[in-house]
Amino acid sequence: MNTEYIHSFTESEQQRLVAQAEFLAHYTHPFLEFSPSDSVLEIGCGVGAQIKLLSNSHSYKKIVGIDFEPKQIEKAKQILLNEIKLGKVELAVGSGTNLPYADDYFDVVYIFFVLEHFYNPSLILQEIKRVLKPGGKFFCTEVYNSGISIFPANEYLTHYWDQFNKLQTRIGGNPDIGIQLGNLCIDAGFIVDKFQSSIPILDKRMKSLGERKRFLNMWETLFVSGYSLLCEKGMIEEDADTKISLAFEKILLNEESIFLYSLWQVLAIK
Ligand SMILES: C[S@@+](CC[C@H](N)C(=O)[O-])C[C@H]1O[C@@H](n2cnc3c(N)ncnc32)[C@H](O)[C@@H]1O
């Protein structure tokens, strides 16, 4: 198990996860397909933000969410109170490397932004393969942090992002795991059915100031989510959050700005 986590389990980080899931759903959720009879597992469900959204957009029999951090599951129980009461959702504290479920149990397993934090993603993939029914589907969405592009280049954000990714790697994660998903699934014995990128982009097509603010706020809060640990490790200056905020303001106000990020998604079949 990794002993440190680049984000945190604070109240503000929990709120960021909800906002992030809501913002990215447009880019990531159309990829997921469930049938009304499907039993579904989410590993690393965090505060249940993805389950909440998918409950409104997708039909399924039951979703089980598991996360190894008790604080996340506690919050998820509040967010998903109704779904739990209706018997549509179950939550448990547990690790993706040791799933408390029988072999061939689930029709679908999905993951958002978890393998990037784990030192040995193959261990989780092997467990997923064990609990999926033959022919069952595994949907995974992960980050590719090297795939961020900012135009005109911003020296401070480049420096900060570089430190962020160095720290995530140093504590056992992989901020570029997205592009490896196809290979990792093949190595775990899955058949890779789809492997694609999804690219949120801000450029001149995004005209509304409100929309541009919401877009940039998503990435600014992601950058800031590593701020406490980076400070603690002496890897960035204490006024980094102010500098980040000024840099994003500059991007917002420049109509020539381009900001893009690349997410990667795999659908693998057992
Ligand atoms: C960035 S959050 C994503 C949460 C959620 N998937 C979402 O998209 O909102 C990563 C979550 O994975 C959990 N996690 C990381 N490694 C895990 C593991 N090996 N087993 C279970 N949960 C894990 C963390 O506790 C954290 O809640």
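Tutor: Buried residues make up 39% of the 270 residues in the chain. Here a residue is buried if 20 or more other C-beta atoms lie within 10 Å of its own, exposed if 12 or fewer, and partly exposed in between, with C-beta atoms placed from the backbone. The model is predicted: local features need pLDDT of at least 70, side-chain atom pairs count only at pLDDT 80 or more, and totals for chains, interfaces and linings use all residues. Residue numbers start from 1 along each chain as its sequence is written.

The chain holds ten helices and eight strands. These are DSSP runs, numbered from the N terminus: helices are H or I with at least four residues, strands are E with at least two. The chain is as compact as a globular protein of its length, because its radius of gyration is 19 Å, close to the 18 Å that the globule rule gives for 270 residues. That radius is taken over C-alpha atoms, and the rule is 2.2 Å times the number of residues to the power 0.38. The C-alpha trace spans about 50 × 40 × 35 Å along its principal axes. Of contacts between residues at least 6 apart in sequence, 79% join residues at least 24 apart. A contact means C-beta atoms, placed from the backbone, within 7 Å.

Next, the backbone. Phe113 is not a glycine, yet its phi is positive, about 60°. Phe113 sits in the loop between E4 and helix H5 (121–131). It has 22 other C-beta atoms within 10 Å, so Phe113 is buried. Asp104 also has a positive phi without being a glycine, about 55°. Its loop runs between strand E3 (89–93) and strand E4 (106–112). Asp104 has 13 C-beta neighbours inside 10 Å, so it counts as partly exposed. Finally, the peptide bond joining Phe151 and Pro152 is cis, with omega about -5°. Pro152 belongs to the loop between strand E5 (132–151) and helix H6 (155–170).

Terms used
Two residues are in contact if their C-beta atoms, placed from the backbone, lie within 7 Å.
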